[in-house]
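This report looks at aromatic rings and at the charges placed over them. The structure comes next.

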Amino acid sequence: MSANASLEPIDQLDGFLAAAHVQRNTGALFYPYIAGVYNCLNARSPKEAAKQAERRAVLDAGKQALLSSVMINLAISGTVLTTYDFWNETRYWEIVRCLLEDGIVGRLPEDLRERGIRLGDFPREIAGNMGKSLGRSFDNLYTGSLYVPVEVAEALWLRKRYGVDWKIGPPSEELYDRFIEESGIGIIRTPQPSATEDGEVKIAMPYIGKAAQTGRILFSDDMSSLQRKAFDGNPSFGYAFKLSDAYEKLFGNDGYSRRPAERIYNLIELAKKK
């Protein structure tokens, strides 16, 4: 989840285009999931955790509206979900409890196991029904160690609640995917985008934009800013152009005679209400 709404990158459309293709061939529904509130698990104090959850919940709602427009404009059937669609479900947290009892934390990298604050100090009221299901059994765990279990539990809950059998995401989610695949859920890999950050080309998350990423193509761009970002060697512009090509081929829009910036701007318009 980006730090603010103006930084939302269009790279995340890759998952939606993949979903549109799959849905045409199978009729399967698509459930994109916004998890910005998860950032509270990385907080260094209970007060910071509460503030992060409150702020991210607002951002998540805004992003939900944006991605819902994308769903409508791409004629994709399904529902855009946010963190509390899961966290308010006791049965979801029961899945998390089972993962913890099965020892998933012991299989995580050490830096994750020691990140955040102890669960016993975490303000559980900001995490929906966490307290009802987890009780005090895991108070000595650090909240950062919950990050993977709650992510894996998403996939398991989506399968139980909506019959979802496949997850779409980039290679950078491999840590979660390893556990998800063990449960029999398939993975559809999208390409990993990159962006220029602090003068270097770095791997980027398709759904997280940063202010330091020079030239990243965003849903907030207009034609003027797109033209400024159309400089040689901009990996984000190149990736956006590939997305525009995929979109046009999938939906049969003849855009080959138009300039690259105009074709990319068509993708930006997918996030606008019509």
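Which charged end sits over the ring of Tyr162? The charged end of Arg161 does, 4.7 Å from the ring centre. A charge sits over a ring if NZ of Lys or CZ of Arg is within 6 Å of the ring centre and within 35 degrees of the ring normal.

The model is predicted, so local features need pLDDT of at least 70 and side-chain atom pairs count only at pLDDT 80 or more, while totals for chains, interfaces and linings use all residues. Residues are numbered from 1 along each chain as its sequence is written, and side-chain values use heavy atoms, with hydrogens and water left out.

Rings of Phe, Tyr and Trp (its six-membered ring) pair if their centres lie within 6.5 Å; planes under 30 degrees apart count as stacked, over 60 as edge-to-face and the rest as tilted. This rule gives 11 aromatic pairs. Two of them are listed here.

| Pair | Centre to centre | Angle between planes | Type |
|---|---|---|---|
| Tyr33 and Phe86 | 4.4 Å | 55 degrees | tilted |
| Trp87 and Trp93 | 5.7 Å | 45 degrees | tilted |

Tyr33 lies in strand 1 (residues 33-34) and Phe86 in helix 3 (residues 83-87), 53 residues apart, so their pair links distant parts of the chain. Helices (H or I, at least four residues) and strands (E, at least two) are DSSP runs, numbered from the N terminus.

Phe86 counts as buried because its relative accessibility is 1%. Buried means under 20% relative accessible area, exposed over 50%, and partly exposed in between (1.4 Å probe, protein chains only). Trp87 is buried at 0%, and Trp93 is buried at 0%.

One aromatic cluster includes Tyr33, Phe86, Trp87 and Trp93, along with Tyr38, Tyr84, Tyr92 and Tyr147.
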